[in-house]
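Please open the model in your viewer and keep the selection panel at hand. The stops below are meant to be visited in order.

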Amino acid sequence: MDKPPVKMMDPTLAEMGNHLSGAMKILESGKLESEQGKERRKLSWKDIPGPLQGDGQDVVSILQLVQNLMHGDDDQQGHRRMQYVGEQGHMALLGHSLAAYISVLERERLRKLTTRILSDTTLWLCRLFRYENGSAYYHEDDREGLLKVCRLVINAHYEEYATEGFTVLSSKHPVIYQSAACRPGLGQHLCSQLGLPLSSLCIVPCNTMFGSLHQMDVALLDKLIKDDRESGKVPLLLIANAGTPGAGHTDKLSRLKELCVQYNMWLHVEGVNLATLALGQISSTVTAATKCDSMTLTPGPWLGLPAVPAVTLYRHEDPALSLTAGLTSSQPVEKLRALPLWLSLQYLGHDGIVERIKHASQLSQQLLEHLKTLASIKTSVEDELNSPVVVFRFSQDNSAPSSGGSVEGYFAGERDIIDALNRWLGEQLAQQVPLSGVDVVELEDEGTCVRFSPLMTAAALGTQENDVAALVEKLGEMIPVLCCTLRFRQDFKDEVLQQASLSYIEDLSWPGLGVVRYEPRNTDLDEDKRQQRVEKINSELLNKLMELDTDLEFSCGPEFCEETNCIFIGMATEDLDVSELVETIGSVGRDIEESGKLFENMTEVVRRGIQEAELQLQKANEEKLIEEGVLRQIPLVGSVLNWFSPVQASVKGRTFNLAEGCLDSTEPVYSIKAQMNTEASPDSPKSSTKRFPGQKLFRRHGAGSDSISDTSSVSQLEDSFRETAQVQQVTDVEEAEVPQENPAHIPEDTASSDQRVPEGQETESVDNLR
């Protein structure tokens, strides 16, 4: 069989592809520029826009500039990593370059090419997502398609709208209905762009009695439509969800379609679950979306395609109204928006597209199966057999309380505390397992939850099964920490309230053990000085606590926090000793307060000490004058008298004690016995808690076990007896070395000579010394 002839590629297209490939290699290589280049860059453009160079720059220099702007000053490769861009992503980027090149073709050739690109892409998408006989509108903003559809519906209901404008709407106000679970701000954006008042927007609540809490209440919607029709309003359009932005639930689309047909309304559907229309087996609730009047697809995040447009598929028989609404265009250049998607779909093929969507759905099922085995975890999914979005949260309902903490009286503000812990859980999982793509979502009924939506993240991040396994492993490690923190919060509060110098700060949004503040005991200061002292003491106390060898985390709290001058204590573990923690905080705070008072009173203490020293010196001079006489004070006469009759004057030394603020005599300094007594009783604080080797602070030894083994008990007793014997031996030796008489009265020759003890009397001498 003869091979088909190989056609030569356009040199311009080949060169364009080579340039794009080279540019991507430069931007993704992560090569760092030289030190000279860094210095020149700092002086040329960093933080200050530089002038446009007259002679221009080459492509490599410009791409290097783009790379520096993208990555900033991050020199580590780990910080330079962007989202995963595969070959299909390169095809999408190539489409933007080709669009610029194709736009310069002659008009007739451009028209034929753009028509082919647009028709091919529309046909592929309609067949892929089971939307028969549909048209497509490609747009950058994913809300733009719905906005054009609203214009189409307004023109269809109000025939004179094109000529009369908003005056036609004054007699019969149009109404747009949307679910309360829709994207925030979507309805307001539509009213703003269409020039409609907010009264034209009707928010339909979700179910409260039957069905999912995230599905639109169909019975209530029916009642609202009837009331609006009776008041002379025109029900225009209904926005439904096939996968709510928060929990990924799907409205009852078949029932909503029946209402729209009954009241001549337009049904528009959007949501992440529309991606599952490409799979072989899909749920019946999502299949009903194929009967809607329009739907918005976002193939970019579903397939990991950067910079591809969103697509709104719609059905309408009047092309003139579509052109008036802006859904179609006569400008060939605007049709080139579909070119990146046209290239990427061909590169992936039907099987590749289905495989990526199927892979994301399987990741959700894998996580859901593992979550069922974890205690204290609640899931919120619409269909356990086929749900592409998994929402879960930590809850204490399923956790059995264990020893070491209490949950009694722990109901006030419980919802806020659980939300704070789940917010911490989501942030930690996203930080420690970044390829999982989990994020934190706020739901009206459930509260703060962790969301896993691989259809929106897996293709871009390259999420695999091992990433889901790592996510489950980290989650299993964090659940005991959450349970312990939740139990110990009330114990921590009770212990703090028993301390007079500590104040418990009620902060329900803090995901940790609690918040405490040290309050100085001196209340004589005014408010400003007292606040300064509180700030200083708590700042030093925080630094002291952060230096301790402990697993607890101490901080000054979040960046935007209402409470100031506080100490925020992080998550707790099973072996935490709450009483020791609170006692240590109070003790360290008191030490800091006392040392602060000492420094504050230092000036006054020194001044009084100097005055007292001057008085004692003056008194000593007067006593010396009385003792020696007036003649001895005369220079020449005093020298002669002192030569014939020397006077032995006693000099009294003085020392200034800063701690007590008084003058002391120096006689004890020269007393050997006083020195030995001082050395025998050093002033060093001793811990009241026995700490074992390797045991960190604030930990209960043997937590989680009922008793300590007999071997360890005996060894501890032996160690204590050994320490007592060593202390007694040292004391005996010291007492033996201390002389019994004043060494000043011992003759020099006797004191310096060796005293020999006869044999057999050594033991008797030691006993006598004892």
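What follows is a tour of selections, each with a short account of what is found there.

This is a predicted model, in which local features need pLDDT of at least 70 and side-chain atom pairs count only at pLDDT 80 or more, while totals for chains, interfaces and linings use all residues. Residues are numbered from 1 along each chain as its sequence is written, and side-chain values use heavy atoms, with hydrogens and water left out.

**Helix 17**

Begin by selecting residues 414-432, which form helix 17; helices (H or I, at least four residues) and strands (E, at least two) are DSSP runs, numbered from the N terminus. This helix has 19 residues and reaches 27 Å from its first C-alpha to its last, close to the 27 Å expected at 1.5 Å a residue, where the expected span is 1.5 Å times one less than the number of residues. Colour its buried residues next, among them Ile417, Ile418, Leu421, Trp424, Leu425 and Leu429, but also Glu414, Asp419 and Asn422. Buried here means under 20% relative accessible area, exposed means over 50%, and partly exposed lies in between (1.4 Å probe, protein chains only). If you then display strand 9 (390-394), strand 10 (439-443), strand 11 (447-452) and helix 19 (465-497), you have the elements against which the buried residues of helix 17 pack.

**Helix 18**

Move on to residues 454-461, helix 18, which is mostly covered, with 6 of its 8 residues buried. The buried residues are Pro454, Leu455, Thr457, Ala458, Ala459 and Ala460, and what covers them includes helix 13 (299-303), helix 16 (339-371) and strand 11. Just after helix 18, select Gly462, which takes a positive phi of about 75 degrees.

**The second largest cavity**

Which elements give two or more residues to the lining of the second largest cavity? The structure holds 2 cavities of 30 Å³ or more, a cavity being a set of points, on a 1 Å grid over the protein atoms alone, where a 1.4 Å probe fits but cannot get out, and lining residues having an atom within 4 Å of a point. About 40 Å³ of space lies in the second largest cavity; grid points are joined across faces, edges and corners, and a volume is the space filled by probe spheres set on the points. To see its lining, select Leu125, Leu128, Phe129, Pro299, Trp302, Leu303, Leu345, Ile353 and Ile357. The elements that give two or more residues to this lining are helix 5 (107-128), helix 13 and helix 16.

**Salt bridges**

The structure holds 20 salt bridges, each a side-chain nitrogen of Lys or Arg within 4 Å of a carboxyl oxygen of Asp or Glu. Select Arg183 and Asp142, whose closest N and O atoms are 3.1 Å apart. The pair links distant parts of the chain, 41 residues apart, with Arg183 in the loop between strand 2 (174-179) and helix 9 (186-194) and Asp142 in the loop between strand 1 (135-139) and helix 6 (144-157).

Next, select Arg487 and Glu574, a salt bridge whose closest N and O atoms are 2.9 Å apart. Arg487 is in helix 19 and Glu574 is in the loop between strand 15 (567-569) and helix 21 (578-600), 87 residues apart. Arg487 is buried, with a relative accessible area of 7%, whereas Glu574, at 29%, counts as partly exposed.

**Cysteines**

The structure holds 0 disulfides, a disulfide being a pair of cysteine sulfur atoms within 2.5 Å. Cys483 is in no disulfide, and the nearest cysteine sulfur, that of Cys484, is 6.8 Å away. Cys483 counts as buried at 15% relative accessibility, and Cys449 is buried with a relative accessible area of 2%.

**Asn207**

For the last stop, is Asn207 buried or exposed? This residue is in the loop between strand 3 (201-204) and helix 10 (218-230), and Asn207 is buried, with a relative accessible area of 8%. Leaving aside neighbours within four places in sequence, Asn207 is in contact (heavy atoms within 4.5 Å) with Ser212, Leu213, Gln215, Met216, Asp217 and Val218.

Conventions. 1 Å grid on protein atoms, 1.4 Å probe; cavity = no way out; pocket = protein on both sides within 12 Å on 5 of 7 lines; lining within 4 Å.
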